[in-house]
Amino acid sequence: MSEPALRRGTAVPLRRDDVDTDQLAPARFVPYFRPNGFTNILFADWRADPAFVLNQPAHQGATVLIAGRDFGTGSSRESAVWALQSAGFEVIVASRFGDIFRGNATMRGLWTAEVDHEVIERLWAAVEADPWLPVTVDLAARRLTCGEVESPVRIAEPLLRRLLEPGDPIAETLGRLPEIEAYESAAAGQRRSGPV
Amino acid sequence: MGRTLAEKIWSQHVVRPLDDGADLLYVDLHVLHEVNTPRAFDDLRASGRRVRRPDRTLAVEDHNTPTRQGALEDLAGRRQRELIRANCAEFGIPLHRLGDADQGIVHVIVPELGLAQPGMTIVCCDSHTSTLGALGVLAFGIGTGQVEHVLATQTLPVHRPGDLAVEVSGALPDGATAKDLALALIAQIGTGGGQGSIIEYRGEAVRGLSVEGRMTLCNMSIEAGSRAGLVAADDTTIDYLRGRLEAQGRADAFAEAEPRWRAMRSDDDARFDDVVHIDAAAVGPRVSWGTNPAQNLLIDGSIPTRSDFATEEEWASARRSLDYMGLRPGQAVRDLSVSTVFLGSCTNGRIEDLRDAAAVLAGRRVADGVHLLIVPGSAAVRRQAQAEGLDQVFAEAGADFREGAGCSMCCALNEDRLAPGERAASTSNRNFEGRQGKQSRTHLVSPRVAAATAVSGRLTTPEDL
């Protein structure tokens with residue numbers, strides 16, 4: 001089944017580089033079976049500061065997060081993605097993403113739109129001037145617009161396809177089981193699939 | 001044209017290319033720990049699927065495990081262990097439990113057990129899986145959804161990353177360690193410098209490192225944005241593996257595999273997408289000052305000031321880190337006092353790291369008011385330390401050498417945490433805000449600097465003592 005190729009919503013301007021996954025999901029909240037799930041764990045330590053941007057009334061209900069360079073670095077914890085989604089975010093815009101985070105986000109349907117850092121600066125300014133200004137990301141066209149700001153979006157083909165047609169990746173792979181078994185026999189024959 | 005080591009391993013593991021440009025990659029060994037796996041098993045059950053190759057899957061308890069008897073244990077930690085035990089029992093996956101002779105941090109025990117061998121692919125639900133690249137293994141961290149995929153299929157659809165060569169010319173000076181080299185690289189290329197690439201570490205200084213040192217180096221590849229680091233197999237690698245396999249009575253298997261392992265190296269005319277050069281002679285003991293691992297400098301330096309940054313934006317970001325760390329621009333690094341020193345983790349919790357620390361601590365005492373916490377990377381590391389009498393050295397120095405092995409204060413998922421605002425020197429890998437406990441302040445260092453710092457109470461090298 002195909003997903004709509006366009007997402008639109010108001011945005012939170014997070015003026016920070018190097019937002020690591022320990023901030024997105026602090027370790028003490030990582031255990032999976034918490035009674036309240038992952039609600040309210042996002043940026044738990046930063047949110048203690050009333051001045052923190054996510055606490056601003058103007059940004060309540062936002063579905064787009066605009067951050068700086070190297071968003072989602074560090075730990076592979078997928079709870080970082082669950083925390084963002086539990087807080088209502090559908091699209092993360094940044095000028096560079098941690099690889100593991102970006103893969104995890106894609107698998108769970110959280111969009112990651114990479115744009116030039118110069119575009120990020122303009123987006124921050126635009127959204128700070130008008131918190132109601134919507135950000136539109138058209139994945140099929142690989143394009144982002146926000147008021148006067150327009151930019152191409154960088155996303156690799158496999159990620160794009162997975163977002164637009166999530167399907168069931170495990171079922172797809174299991175459909176190739178004969179090829180996996182053939183690989184296993186061949187590798188065993190050549191003794192190249194360790195460990196010995 | 002020649003091929004890189006990463007390309008060779010990759011191409012040997014492609015089950016088939018996929019039509020979106022990714023490859024379906026075969027996973028030789030899938031390793032699990034208790035924290036990032038429960039949902040993968042729940043989802044697997046919900047879809048009625050099974051674990052396809054439990055014989056190529058191995059689990060261990062490490063992240064939440066207590067490090068001493070009678071510790072006031074977090075209930076969440078105990079529940080995580082109950083879940084991995086139940087899941088492994090249900091699906092027939094071997095598990096190294098707390099208290100087991102082979103238990104320890106996942107990236108420490110896999111090489112110890114001789115399971116990381118040149119040319120293999122290994123994945124684990126942990127970003128520091130890159131550690132295993134030290135043995136010429138293409139090893140990388142994956143998320144929970146991918147764990148489920150590997151459990152069900154023993155494969156993973158992945159897009160092949162680029163090839164980044166890190167050429168370290170010359171030899172490391174006395175007093176400079178693999179940890180310092182890793183920190184120097186990250187300071188040079190930044191937290192995103194290796195993004196989208198597999199790093200191959202090359203050059204004289206890398207050849208000169210032990211397998212343990214290479215693990216420290218590959219471990220922190222992820223801190224430079226790279227999912228995997230590699231060191232090609234050489235005599236050092238082969239000797240390490242010979243030792244492991246012969247100790248298991250498997251000399252025949254070693255002899256049969258050795259020629260294949262030795263072939264696991266980049267061709268002389270292999271082309272890399274990018275090359276970073278590092279002069280080993282300029283590497284010295286380093287300390288992180290900020291809240292990401294790229295924010296580090298030589299211990300001889302002082303805390304950065306406005307003039308160290310090109311733009312107002314960079315300075316604002318640095319100021320934020322300094323405020324969090326409670327530091328003043330221009331302060332000498334050696335003037336900084338710490339109350340806790342942590343020696344351990346998948347970065348520096350191996351026997352060689354404990355030996356480095358013990359050499360500094362022998363005949364000395366930990367400073368008053370300083371807690372030196374030493375957590376072995378594995379139960380085997382602890383036994384070896386006892387066999388060598390390092391436990392005596394630690395006891396006489398007044399250090400707190402824990403019984404239990406695990407991640408401990410590196411990620412603060414068990415009961416070992418810093419107090420809010422507390423400053424520590426740590427041999428771990430991440431100085432993120434709150435990483436070692438809420439509002440913790442972490443200075444990343446090598447084991448030598450950690451031990452010397454415990455003795456003086458300030459950031460110090462052994463040569464200063």
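1. Chain B is assigned two domains: domain 1 covers 5-262 and domain 2 covers 286-464. These bounds come from an automatic or database domain assignment. The centres of domain 1 of chain B and domain 2 of chain B, taken over C-alpha atoms, are 24 Å apart.

2. A note on the basis of these points: this is a predicted model, in which local features need pLDDT of at least 70 and side-chain atom pairs count only at pLDDT 80 or more, while totals for chains, interfaces and linings use all residues. Residues are numbered from 1 along each chain as its sequence is written, and chains are lettered from A and ligands numbered from 1 in the order in which they are written.

3. The two domains of chain B touch: 44 residues of domain 1 are in contact with 36 residues of domain 2 (contact: the C-beta atoms of two residues, placed from the backbone, lie within 7 Å). On the domain 1 side, the elements that give two or more residues are helix H4 (106-112), helix H6 (178-189) and helix H8 (211-219) of chain B. Helices here are DSSP runs of H or I with at least four residues, strands are runs of E with at least two, and both are numbered from the N terminus. H6(B) gives the largest share of that side, six residues.

4. By class, the side of domain 1 of chain B that touches domain 2 of chain B has 15 nonpolar, 18 polar and 11 charged residues. Ala, Val, Leu, Ile, Met, Phe, Trp, Tyr, Cys and Pro count as nonpolar, Asp, Glu, Lys and Arg as charged, and the others, Gly among them, as polar.

5. Between the chains, 45 residues of chain A are in contact with 59 residues of chain B. On the chain A side, two or more residues come from each of helix H1 (21-24), helix H3 (99-107), helix H5 (157-164), helix H6 (169-174) and helix H7 (177-189) of chain A. The largest share, five residues, belongs to H3(A). This side of chain A has 17 nonpolar, 11 polar and 17 charged residues.

6. In chain A, A:Asp18 has a phi near 50°, a positive value in a residue other than glycine. A:Asp18 is in the loop between strand E2 (11-13) and H1 of chain A. Buried or exposed? A:Asp18 is buried, because 27 other C-beta atoms lie within 10 Å (buried: 20 or more other C-beta atoms within 10 Å of its own, placed from the backbone; exposed: 12 or fewer; partly exposed: in between).

7. In chain B, B:Ser408 also has a positive phi, near 50°, and is a residue other than glycine. The loop that holds B:Ser408 runs between strand E17 (400-401) and strand E18 (423-426) of chain B. B:Ser408 has 32 C-beta neighbours inside 10 Å, so B:Ser408 counts as buried.
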